[in-house]
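Here is a quick tour for anyone meeting this structure for the first time. Have a look at the picture, then read on.

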Amino acid sequence: MSQYNEQAVRTKLTAEHGVLVSAEGVAEEARGVPRVLVTMGSDSDLPLMMKTVDTLRYEFGITSLVQINSVHRDLRSVVAHIEQLPESVQVIIACAGGAAHLPGNIADLRADLSVIGVPRNLGALQGVDALLSMVQMPEGAPVAVMAIGDAGAVNAAIQAAKELAIGDPALKTRLLAYAEKRKGRVQSQNQTLAGKLQNL
Ligand code: AIR
């Protein structure tokens, strides 16, 4: 991200912006400029959202900011956090469970940024509640909603990488390499298929 001076963005980061995470480590150990905000309603969402953070940093080399934001427990701080994001952040990934209004609220606050929603599989309705809360946005404030749970968390990272790759050929190359790895999985399944069928 040549248009952003890494040192300038990093020195401006405060605890209010969230915690920086990159392939090198967390907080002071992290490197690079945050291009994605990964936010969630509670730290109980973290195990799920680490799949997003890890896909971003290890598959695509994308540094993210990670932050907790609850629109049902502290709405005012959500507004402040989202309005103060560093300008290097170009995509927001938001996860919540239950009455999951975080991505929709952020889509209203930030008409200039892409918002991707990850519904968490939780409680009596196992994520169907979160999915419907996210996906039924009124006209004018879209949220790109992923699948419920693990697949959605990983896909959110890939979707963010695709959006960032529009202006970043190196990232395009990494996306293609990631797709090749997926093809390899099918090929190796076919190679071991005869043996598996014989044992059934
Ligand atoms: N949540 C928190 N504030 C608003 C919402 N929707 C969600 C969290 C989490 C769930 O409530 O995103 O998925 C349960 O949170 P906790 O903190 O009780 O584990």
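Predicted model: local features only at pLDDT ≥ 70, side-chain atom pairs only at ≥ 80, totals over all residues.

## Before we start

Seven of them make up an open sheet with mixed pairing, and their order is 2-1-4-3-5-6-7. Strand 2 (25-26) and strand 7 (144-145) sit at the edges with a single partner strand each, so one side of each has no neighbour in the sheet.

Strand 7 pairs with strand 6 (residues 114-119) in the parallel sense, over two bridges. Look there for Gly117, which stands opposite Val145 in strand 7.

## Helices on the sheet

Which strands does helix 2 lie across? The list is strand 1 (19-22), strand 3 (36-40), strand 4 (64-68), strand 5 (91-96) and strand 6, and the helix runs at about 170° to strand 3.

Helix 5 (residues 128-135) packs on the sheet too, touching strand 5, strand 6 and strand 7. Its direction makes about 160° with that of strand 6.

Where they meet, seven residues of domain 1 are in contact with five residues of domain 2.

On the domain 1 side, helix 2 (46-60) and helix 6 (150-165) each supply at least two residues. Helix 6 gives the most, with four residues. By type, the residues on this side of domain 1 are four nonpolar, one polar and two charged.

Key: Residues numbered from 1 in each chain as written. Contact = placed C-beta atoms within 7 Å. Nonpolar A, V, L, I, M, F, W, Y, C, P; charged D, E, K, R; others polar. Pairing = 2+ DSSP bridges. Axes fitted to C-alpha atoms, helices over the stretch in contact; angles between N-to-C directions.
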